[in-house]
Amino acid sequence: MLAPAIIHLAYSMFKHLVPQMILDTLEILGSDVGNHLSKCVPRDILPTKYGGSNKEFEQTAYKHWKVVETEQENLEDEFKVKVAPGHKLEFPIEVVEFGTSIRWKFKTINYDIAFCVRTPQDTTAKARRLSSQKELQTGELVCKTSGKYMLVFDNSYSKIRSKTLYLSVMLVLPTTMVNMSCCN
């Protein structure tokens, strides 16, 4: 994934919580993303922003993601984490480009969880409980400014039950799309 320095730090702190099978599919990229991607993706598929020749990448990728969002409700191959009783999981996303979209989908097993998105303008947003055990929760936020955004999964109201959370997050830049995983 193309990532600012804070993502590298967060990844190193939380990678021990992620199953090895998922870790094997992730690679965090720095500023050399174009060079790296050209080794595993043909240049005619890569968007021009990353040294490729595909000018239609944004429309193609967006349509593909929408199909996955509406047809695939099984997130068991996605990021899985347990949120302990009385605790919160805060998933930081550093947005550097105006107009970037953050898209998420998640579900929990057996029990609900509270959720909110905190933005640089509203760092005190309150999480509200969602029936994420009954239906897939999806959403999108178009970022009006750069800065630190936070997806918050709040289980602080629960005194006994931890919540198993399956999560998928995608960033869509104004000119291209960055998935939270990359080919090897």
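Reply: Cys116 has Val152, in strand S7, as its bridge partner. This is a predicted model, in which local features need pLDDT of at least 70, side-chain atom pairs count only at pLDDT 80 or more, and totals for chains, interfaces and linings use all residues. Residues are numbered from 1 along each chain as its sequence is written, and side-chain values use heavy atoms, with hydrogens and water left out.

Me: What are the elements of the chain, in order from the N terminus on?
Reply: Helices (H or I, at least four residues) and strands (E, at least two) are DSSP runs, numbered from the N terminus. Here there are 4 helices and 9 strands. The order runs α-α-α-α-β-β-β-β-β-β-β-β-β.

Me: Which strands does S4 pair with?
Reply: Strands of a sheet pair through backbone hydrogen bonds, either parallel or antiparallel. By the rule used here, two strands pair if DSSP finds at least two bridges between them. S4 and S7 share 5 bridges in the antiparallel sense. S4 is also antiparallel to strand S5, residues 128–130, over 3 bridges. On that side, Ala114 has Arg129 as its bridge partner.

Me: Which way do the residues of S4 point?
Reply: In a regular strand the side chains alternate between the two faces of the sheet. In S4, Ile113, Phe115 and Val117 point one way. Ala114, Cys116 and Arg118 point the other way.

Me: How many residues of S4 are buried?
Reply: Learn the cut-offs. Buried means under 20% relative accessible area, exposed over 50%, and partly exposed in between (1.4 Å probe, protein chains only). In S4, 6 of its 6 residues are buried. For the chain of 184 residues, the buried share is 43%.

Me: Which residues touch the most other members of the largest nonpolar core?
Reply: In soluble globular proteins, nonpolar side chains tend to be buried together. A nonpolar core is a set of buried Ala, Val, Leu, Ile, Met, Phe, Trp, Tyr and Cys residues joined through side-chain atoms within 4.5 Å. The largest one has 21 residues, and Ile93, Ile102, Phe106, Phe115, Leu151 and Phe153 touch the most other members. Strands S1 (79–83), S2 (88–95), S3 (101–108), S4 (113–118), S7 (147–154) and S8 (163–172) each supply at least two of its residues.

Me: Which residues is Phe153 in contact with?
Reply: Contact means heavy atoms within 4.5 Å. Skip neighbours within four places in sequence, and the partners of Phe153 include Val83, Phe106, Ile113, Phe115, Leu165 and Leu167. Now look at the chain as a whole. Among contacts between residues at least 6 apart in sequence, 75% join residues at least 24 apart.

Me: Is Asn155 buried or exposed?
Reply: Asn155 sits in the loop between S7 and S8. Its relative accessibility is 0%, so Asn155 counts as buried. One polar atom of its side chain lies 3.1 Å from the backbone oxygen of Val83. Beyond four places in sequence, Asn155 is in contact with residues including Ala84, Pro85, Gly86 and Arg161.

Me: What does the side chain of Ser101 make a polar contact with?
Reply: A polar contact is a pair of N or O atoms within 3.5 Å; within protein, one must be able to donate a hydrogen and the other to accept it, and residues adjacent in sequence count only if both atoms are side-chain atoms. The side chain of Ser101 makes one with the side chain of Glu140, at 3.1 Å. Ser101 lies in strand S3. Ser101 is buried, at 8% relative accessible area.

Me: What is the phi of Asn110?
Reply: Most residues other than glycine have a negative phi, and most peptide bonds are trans. Asn110 is not a glycine, yet has a positive phi of about 75°. Find Asn110 in the loop between S3 and S4. With a relative accessible area of 57%, Asn110 is exposed.
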